[in-house]
Amino acid sequence: MLSRRLFLKSTGLIGCSAAAHPILSSIAFASAPGENRLVVIILRGAMDGLDVFQPYGDPRLRKLRKTLSAGPKNGALDLDGFFAMHPRLEPLMPLWQAGELAFVPAVSTPYRDKRSHFDGQDMLEAGTGTDIDLRNQRDGWLNRLLQQMPGLRSETAYSVGLSDMRILDGPAPAKSWAPEAEFDLGPQAQRLLERVYHDDPLFRAAGGQAMEIAAEGIGRTVADAGPSRDVRALAKFAADRLNDQTRIATFSISGWDSHARQPQVLGRALDRLADAVLTLKQGLGANWSQTTVLAMTEFGRTVAENGSGGTDHGTGGAMLMAGGAVRGGRVVGRWPGLAEGDLYAGRDLMPMRDIRAYAAWALRDLYGLSRDALEQAVFPGLDMQDNPRILA
Amino acid sequence: MDFNPDIAAIRLGYGLSARVPPPQTADAFLRSVALSVPDDHAVGMDHVRAAQTMLSDLNSLRKKDPEAASVKEIRQQQRQMRIQSAEAIRHRFARAAGDPGGFGERLVQFWADHFTVSGGSPYQDLMAAAFVDEAIRPHLQGSFAQLMFAAETHPRMVTYLDQDRSFGPHSWIARRRKGRDLGLNENLAREMIELHSLGAGAPYTQKDVRQLAKLLTGLSFHLRRDGNFRPVMAEPGAETVLGQRYGGDRPASLDDIREVIVDLAAHPSTSRHLARKLAVHFVADDPPQSLVDRLDATYRETGGDLPSLYAALMDGPELWSHFRQKVRQPFDFLVAALRALGLDQQRVLDLPMRQVNARLIRPLTNMGQEWAMPRGPDGWPEAAESWATPQGIALRIDWAMRQPRVLVPKLPDPRDFLQAALGETASEALKWAVPRAESAREGLMIVLASADFNRR
């Protein structure tokens, strides 16, 4: 039998198409993609799941976080008596009530300990385990999914926006589109630039004003205004394509790296996420009922609040699912707890399951992929375990 | 301080390339200047004349008889010429991106700016491209006098500074057409002394300018006439410039002009002017006197031998000790970004023209350095404050956020990119910040927008 590792070498690293692989040509889609639609949103910068879905029912939360994640008494929206949703996601509350929004509180990729955004995102998008050198991993899991699809057309999958979507990179054809007007200088990028300019008086003075100009957008069409106009443009475009021939779309939303002033940073990012989801729903119309949106981040953040009103890079984090096809209005998966012994490395939320397992089960239920194809080709080395049944 | 190939490539060239290492010794850097001679894509005045003659013929045909030449044909010819100048711009980017050390291409830019001409119409744009390939590139390694003669007598310089409209007041043409009041135009003569050789503030007078203008008469250019000297426009008799007498005993010719240029080039003020200008461009806006003095001495000792000046730039401690005192101009910034992203000469040449326009030529204009359109004959400003403006930096941030994604099939890892772009020269702050960016795209942006990258 072909070992998983060997298999990966023969597909990912050498780059030949898995669909053309003699052993795998029979393991493929049960049918063409059909009407089911999948949107994967990569949340770049590490979203603080504990603040987005606040486990206020866990008494240790208040000890770890003095100001952040204060639960319903601070405006968060109670979901089930234990978790409350960040107030800035209020626009998504009707989806929760309609059973079209769900979340997993404690997941992660196999990435551990180094806590680098790039490596974390690379692993999330590559969909591989820790046994592969990420810098040599050239294709992403959505592309390997496409390689399994019969009747694949170039417009079946779309990456949208200016961000490099490694998740869709690879030999299978896919399209990409970016609005010329997209520009988003997030708070973390501004903070880093300020630090980089700090010791250079000329660049410190001119650069500060430059960032204000750049953040306003240069030569951008002003017909559509507001801080989330760029993600709305992406979501609108994705919805239009998905109403036509496209079945899989992916884009990213950055701005989650909340080392300081987390209420402002996270609030702004959540506005954008909410707008993206609602724009998709509105744009998809009747097709929303056959749509699954997965919003995934590279890792979570420290359970404890830091000294500057923020949180630092952690391990376990939350994943958000939305769409008419989702069995929502519920918390999916287990909760690890916040006691000292429950934490990963004594500081991070313990991931209860590999985030890829949720993606894999979604792909199986959406497109009828076999478990073998998912565990060997799309997510090599993954053990999917039992079906969390995230789709209705 | 010892020669450092990375710092030399950043200061004397267009920065590090992800593809080719810079030359490893000072000698190799000097030798690499030879790479910048005209190549197969060089634009020549023969071609420019032919293209413009055709356009001009179509226009006059149409004037006489609207049936004889269609607007479409005229537009087509103009379009053709515009494409050719855009191709020449792409070629300049490509050569700069592909040159291992980049020193030769920077010298092309330096001397083309020292002898500033502009574009404008499709015809003028093409002439400006020919100026670089015919007057600058072939003379990078000779004496300053040879370079100056080639530049001053090139059709684009002659037309840019109105020399083609300068008539000797007693020339054959002026005497024949008394009613038209044909006379001197001092423009080229003034800039030859003030900008190209002695420099403003040097000991010369208006009388020297006037005399030189008279001496220059005859140097001209006409689309439909071969050659660049028309004796019928020349002022008869001798002229005295800076105490030297030229012409007079023989019919006016280019030889007189060559003689005065050799003398202008040998003037001690020219030596000081060029020494300072090279030091300002390559080392610091306010350059150390030791460097200026060394360049000045080298110029005088070698009779303006250009390779000796280039070597003198690297000789002392100043090139290394004044690292990052200069700000990259927009063209340098874009070329340096292409190099760091791993685009070599061929990959830049392969960029479709639409991309070249959207990713390079238009951003250059937005950043304040419209191609071949400096504000005056004194060329682009050197001061850091002229380029590191809020608007200028904002446009570089904007470029860094949008364009790398479309210029390369795959964004490099930002940590690898930092290494490729700056080698061991990155500051601690930048090394700290880049791995903390939220995404690869922002990581690249921080490198490209940093002061480290925007200085040289």
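Select Asp244(A) to begin: with a relative accessible area of 40%, Asp244(A) is partly exposed. Partly exposed here lies between buried, under 20% relative accessible area, and exposed, over 50%, with a 1.4 Å probe and protein chains only. The model is predicted, so local features need pLDDT of at least 70 and side-chain atom pairs count only at pLDDT 80 or more, while totals for chains, interfaces and linings use all residues. Residues are numbered from 1 along each chain as its sequence is written, chains are lettered from A and ligands numbered from 1 in the order in which they are written, and side-chain values use heavy atoms, with hydrogens and water left out.

**Stop 1**

A salt bridge is a side-chain nitrogen of Lys or Arg within 4 Å of a carboxyl oxygen of Asp or Glu. Arg241(A) is also partly exposed, at 25% relative accessibility. Over all chains, this rule gives 43 salt bridges.

**Stop 2: chain A as a whole**

Show chain A as a cartoon. It has 12 helices and 12 strands; helices (H or I, at least four residues) and strands (E, at least two) are DSSP runs numbered from the N terminus. Of its 392 residues, 60% count as buried. Among the contacts in chain A with a separation of 6 or more, 72% are between residues 24 or more positions apart. Contact means heavy atoms within 4.5 Å.

**Stop 3: a sheet in chain A**

Select residues 53-54, 77-78 and 84-85 of chain A. Three strands form an open sheet here in the order E2-E4-E3, with antiparallel pairing. E2 (53-54) and E3 (77-78) of chain A stand at the edges with a single partner strand each, so one side of each has no neighbour in the sheet. Two strands count as paired if DSSP finds at least two bridges between them. E2(A) is joined to E4(A), residues 84-85, by 2 bridges. Gln54(A) has Ala84(A), in E4(A), as its bridge partner.

**Stop 4: where chain A meets chain B**

Show both chains. How many residues of each chain are in contact with the other? In chain A there are 47, and in chain B 43. The area buried between the two chains is about 4,000 Å², and carbon and sulfur atoms give 59% of that area. Buried area is the accessible area (1.4 Å probe) that two parts lose on being put together, summed over both.

There are 3 salt bridges between chain A and chain B. For one of them, select Asp200(A) and Arg455(B): their closest N and O atoms are 2.6 Å apart. Next, color the helices H5 (117-126), H7 (187-197) and H8 (201-216) of chain A, the elements that give two or more residues to the side of chain A that touches chain B. H8(A) provides the largest share of that side, 9 residues. By class, the side of chain A that touches chain B has 20 nonpolar, 12 polar and 15 charged residues. In this grouping Ala, Val, Leu, Ile, Met, Phe, Trp, Tyr, Cys and Pro are nonpolar, Asp, Glu, Lys and Arg are charged, and the others, Gly among them, are polar.

**Stop 5: two salt bridges in chain B**

Go to Arg137(B) and Glu105(B), a salt bridge with the closest N and O atoms 2.8 Å apart. The pair links distant parts of the chain, 32 residues apart: Arg137(B) is in the loop between H6 (122-136) and H7 (144-152) of chain B, and Glu105(B) is in helix H5 (residues 103-114) of chain B. Are these two residues buried or exposed? Arg137(B) is buried, at 2% relative accessible area, and Glu105(B) is buried too, at 3%.

Now select Lys431(B) and Glu428(B), whose salt bridge has its closest N and O atoms 3.4 Å apart. Both lie in helix H24 (residues 428-433) of chain B, 3 residues apart, about one turn of the helix. Lys431(B) is partly exposed, at 37% relative accessibility, while Glu428(B) is exposed, at 59%.

**Stop 6: Ala284(B)**

Finish at Ala284(B), in the loop between H13 (268-282) and H14 (289-302) of chain B. Ala284(B) is buried, with a relative accessible area of 0%. What is it in contact with, leaving aside its neighbours within four places in sequence? The residues are Arg11(B), Ala279(B), His322(B), Gln325(B) and Lys326(B).
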